[in-house]
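Hi everyone, thanks for coming. Please have the sequence and the model open while I talk, and we'll walk through it together.

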Amino acid sequence: MLRFSPATATDLPALNRLVNRAYRGEASAQGWTTEAALLAGQRTDEADLRDQLEKPNAQFLLARRVANDELVGSVFLQQQGPELYLGMLSVEPTLQAGGIGRQLVQAAESHARALGCQAVRMTVISVRHELLAWYERLGYQRTPETVAFPTDTRFGVPLQAEPLVLQVLRKALNE
């Protein structure tokens, strides 16, 4: 059983550990959403997370186990006009494929509806075919839009010669 709550500044160290474990390095290989074959280095740091948390209309939604208050997942959310941007979905690698990510996405969609948003939008690295397919199973659709991958090596160094591109996905909220 999970409890969802917005992150505060005191959550940043644990959030930083979770996000980096989920995306990069040896720990990420225990899950299926790793980017370790595409990017070297860290995914984020506490300063970046603080910057994200301080953006207007933004929050990190945390998923904790009710039994022991363990942080097991998180997602960044920011209302941008009529849409909610969803990013940095992170689940503890040893617990991936157990429904936590799906529950976080559903909680994000409920949050979007409560804000009166018409859609949820996100970006996913275009070569992450299995992740794109997972989001499509949740009702997200690829748009014709792409975004250049950030070039700040503080958040990862590409391991391929071919430039990475972010695919924009969108889900209309019809309720």
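**A walk through the sheet and its cores**

Let's begin with Ser74: setting aside residues up to four places away in sequence, Ser74 touches Leu15, Leu18, Val19, Leu61, Leu62, Met88, Leu89, Ser90 and Leu104. Touching, or contact, means heavy atoms within 4.5 Å. Ser74 sits in strand E4, and Ser74 is buried, with a relative accessible area of 0%. On the wording: buried is under 20% relative accessible area, exposed is over 50%, and partly exposed is in between, using a 1.4 Å probe and protein chains only.

A word on where this comes from. This is a predicted model, in which local features need pLDDT of at least 70 and side-chain atom pairs count only at pLDDT 80 or more, while totals for chains, interfaces and linings use all residues. Residues are numbered from 1 along each chain as its sequence is written, and side-chain values use heavy atoms, with hydrogens and water left out.

Now, how many residues of E4 are buried? Eight of the ten are, so E4 is largely enclosed by the rest of the structure. When I say helix or strand, I mean DSSP runs numbered from the N terminus: H or I with at least four residues for helices, E with at least two for strands.

Let's look at the partners of E4. E3 and E4 run antiparallel and are joined by seven bridges; two strands count as paired if DSSP finds at least two bridges between them. Ala58 has Gln78 in E4 as its bridge partner. These two strands, E3 and E4, form a hairpin with five residues between them, and Asp69 in the turn has a positive phi of about 65°. E4 also pairs with E5, in the antiparallel sense over seven bridges. Here Gln78 turns up again, with Tyr85 in E5 as its bridge partner. The hairpin of E4 and E5 has two residues between the strands, and Gly81 takes a positive phi near 65°.

Let's zoom out. What is the strand order of the open sheet? The seven strands go E1-E3-E4-E5-E6-E9-E7, with mixed pairing. At the edges are strand E1 (2-6) and strand E7 (141-148), each pairing on one side only. On average, neighbouring strands of this sheet are turned by 30° against each other, direction ignored. For such angles, axes are lines fitted to C-alpha atoms, for helices over the stretch in contact, and angles run from 0 to 180 degrees between N-to-C directions.

Helix H3 (residues 46-53) touches strand E3 (58-65), strand E4 (71-80) and strand E5 (83-91), and the direction of H3 makes about 115° with that of E3. Helix H5 (residues 129-137) touches E5, E6, E7 and E9, with its direction at about 165° to that of E6.

Further along the sheet, strand E6 (residues 119-125) and strand E9 (residues 165-172) pair in the antiparallel sense over seven bridges.

On to the cores. A nonpolar core is a set of buried Ala, Val, Leu, Ile, Met, Phe, Trp, Tyr and Cys residues joined through side-chain atoms within 4.5 Å. Which residues of the largest core touch the most other members? Of its 28 residues, they are Leu86, Val105, Tyr135 and Tyr140. E3, E4, E5, helix H4 (100-114), E6 and H5 each supply at least two residues of this core, and the largest share, six residues, comes from H4. Leaving aside neighbours within four places in sequence, Tyr135 is in contact with Leu86, Leu89, Val105, Met122, Val124, Tyr140 and Leu169. A second, separate core of 16 residues includes Tyr23, Leu49, Leu62 and Phe76.

Finally, the rings. Four aromatic pairs turn up in a search of the whole structure. Trp134 and Tyr135 make one that is edge-to-face, 5.0 Å centre to centre with 70° between the planes. Rings of Phe, Tyr and Trp (its six-membered ring) pair if their centres lie within 6.5 Å; planes under 30 degrees apart count as stacked, over 60 as edge-to-face and the rest as tilted. Both Trp134 and Tyr135 are buried. Tyr135 also pairs edge-to-face with Tyr140, at 6.0 Å centre to centre and 80° between the planes. Ring pairs link Trp32, Trp134, Tyr135 and Tyr140 into a cluster.
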